[in-house]
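Colleague: I have a model open beside its sequence and would like to learn how to read it. Could you walk me through it, feature by feature?

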Amino acid sequence: MGIITILWEKWAEFKRDFYKITIAAMISPLMYLVIFGMGIQTTSHGEPYLNFLIPGIVAMSSMTGSFSAVAQNMSVQRLYEKALDQVMVSPTPLWQFILGQIIGGSLRGLYAGTIILLLTMPIHTGLIFNGWSFLIMFLNGTVFSTMALVLSFLAKSYTDAPRFTSYIITPMSFLCNTFFSTDQMPGGFRQVVSALPLSQASDMIRSISTGVAPDISGYFILLAYLVVFSAIAVVFIYKKKNL
Amino acid sequence: MIETRNLTKKFNDFTAVDHLNLRIETGEFFGFLGPNGAGKSTTISMMSTVLLPTEGEILIDGKPLNRKDSIGKRKLSVITQEYSMRQDMTMEEVMEYQGRLYFMPKKLRREKTEELFAFAGLEEYRHRIVRHLSGGMKRKLMICRGLMIDPEIMLLDEPTAGMDAISRRQMWNLIRKMRTSGITIFLTTHYIDEAQALCDRVALIDQGKLNVVDTPDNLIHALGKYAVDETDDEMLKTHYFRDRESAIAYLSQTNEDTVMRNSTLEDVFVERIGKKLLKK
């Protein structure tokens, strides 16, 4: 299966850049935890703010981990190294290449989220993280891997990847239920932001962490994003005239 | 067999390849020559499905080639002008990745890698990262990667671009070895003397349009087998003659510095395409 080939490639990359990937996945989330969670000690709904923050940071890490794993890599492969040409000309079905990228990117997101969970374990917050939390992290990762694929196919130069991060990932990191609840936002804006994938992932992971079953509609919203972005990625790779 | 029918590629208003019709027979060594920007690399990119044609089609053994055509693509191998490979992989990983992309069994991947590294003299560099290789070694690795899959058709886009004289000679020797294996080879190069020595037929392309297709011998014969270079203070003028006697007769009449020689494919190229460019 071509998917295994792409996962092998991602694994080779992960092994080679293990320390870089791991440190990059830790630095920003740790800063947020230290500054907002421990430095500025506040409470939210009678609970320590850290309890609100950790699930949001975990969701955010799975987003940034998966997005950067695919967006930077694919932009460089397509525009700078031209390594995508090797895949395009090969008999590996291109939908398998797409699926391999999505799974590989999601696993990187899952890895980034898991690192944060491990780092926060000694804090004894009493938060609950179970298999459903990991499933949501993975699902969130698939959405952002697929989004990264679509954007990397649209990129005109390999410097576009950091721009996409500035335009999409950074605003989502701050607005989408990570540092404060979207309930505090004004009406129309709240509805838009709440419908974004990171808001859903944060909300669901946070619900699970407090022992409350998440709203099932969150799964469907994430799946809807996944289906739409996957369809666009598949159309691009098969039909885009100048890849 | 590879065939292009009315193959056309436009980038906005610019037509890079204009209704190109070619037919390359199985086992043929075919040269595709033209000046910079003539549409050679664009044609190869379409043959490798990286670019899709604006109009027309490419057929492999009579069947249209497209991005979904795994059977057609399995027959193809491409060596592009750029070093189109992961720069952070080792040489061994590049070969492993190629073998996996073509669904080769593990044992065969290992055997072919060993065989090709020995063939290209790359055994001792197998663990070196591509980014740290010289241009010549990257080119050799690309040839090895291309041959890894035992292709039926090999597309070579400027395989010696940017190489020094020694590396280039080694590369041409590798390509000569490929020629004996019965692979259909489609080659673009600026080294016209090599194309003359290696190619069964050549096509000249200019501004995306096909100028002529024939064997190097026929093209040279049509131009005149003998050339007399006449140098005056300003420039070199070359006159072509069908027979030696006519060339010698011309030599005896002129007072300028003159040299008689055999005409080459490069003369054909300059006469058919270069002069138009020089006039511009």
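Colleague: Let's take the helix pair first: in which hand does H3(A) pass H5(A)?

Modeller: In this predicted model, the crossing of H3(A) with H5(A) is right-handed. As a general idea, two packed helices are described by the angle between their axes and the distance between the axes. Here helix H3 (residues 49-80) and helix H5 (residues 94-120) of chain A have axes that come within 7 Å and cross at roughly 145 degrees.

Colleague: Which residues make that contact between H3(A) and H5(A)?

Modeller: From H3(A), they include Ile54(A), Ile57(A), Val58(A), Ser61(A) and Gly65(A). H5(A) contributes, among them, Gly105(A), Ser106(A), Arg108(A), Gly109(A) and Ile116(A). Sorted by class, the contact has 11 nonpolar, 11 polar and one charged residues.

Colleague: Now the two chains together. How many residues of chain A are in contact with chain B?

Modeller: On the chain A side there are 22 residues, and they are in contact with 26 residues of chain B. The elements of chain A that give two or more residues to this side are helix H1 (2-16) and helix H4 (84-89). By class, the chain A side has 11 nonpolar, five polar and six charged residues.

Colleague: On to chain B. How do I read a sheet order such as E12-E11-E13?

Modeller: Read the names as neighbours across the sheet. This one in chain B is an open sheet of three strands with antiparallel pairing. Strand E12 (236-241) and strand E13 (257-262) are at the edges with a single partner strand each, so one side of each has no neighbour in the sheet. From one strand to the next, the twist averages 25 degrees.

Colleague: How many bridges pair E11(B) with E13(B)?

Modeller: Strand E11 (residues 226-231) of chain B pairs with E13(B) over six bridges, in the antiparallel sense. If you want one to find on screen, Ala227(B) has Arg261(B) in E13(B) as its bridge partner. While you are there, look for helix H9 (residues 244-253) of chain B: it lies across E11, E12 and E13 of chain B and runs at about 15 degrees to E11(B).

Colleague: Last one: is Cys199(B) buried or exposed?

Modeller: Count the neighbours. Cys199(B) is buried because 24 other C-beta atoms lie within 10 Å, and the cut-off for buried is 20 or more. Cys199(B) is in the loop between helix H7 (192-198) and strand E9 (201-206) of chain B. Beyond its sequence neighbours, Cys199(B) touches Phe29(B), Phe30(B), Gly31(B), Leu187(B) and Pro216(B). Phe29(B) is 170 residues away in sequence, yet its C-alpha is 4.9 Å from that of Cys199(B).

Key. Residues numbered from 1 in each chain as written. Chains lettered and ligands numbered in written order. Predicted model: local features only at pLDDT ≥ 70, side-chain atom pairs only at ≥ 80, totals over all residues. Helix = DSSP H or I, 4+ residues; strand = E, 2+ residues; numbered from the N terminus. Buried ≥ 20, exposed ≤ 12 C-beta atoms within 10 Å, placed from the backbone. Contact = placed C-beta atoms within 7 Å. Pairing = 2+ DSSP bridges. Axes fitted to C-alpha atoms, helices over the stretch in contact; angles between N-to-C directions. Nonpolar A, V, L, I, M, F, W, Y, C, P; charged D, E, K, R; others polar. Left-handed = near helix turned anticlockwise from the far one by under 90°. Lists of a residue's contacts leave out its neighbours within four places in sequence.
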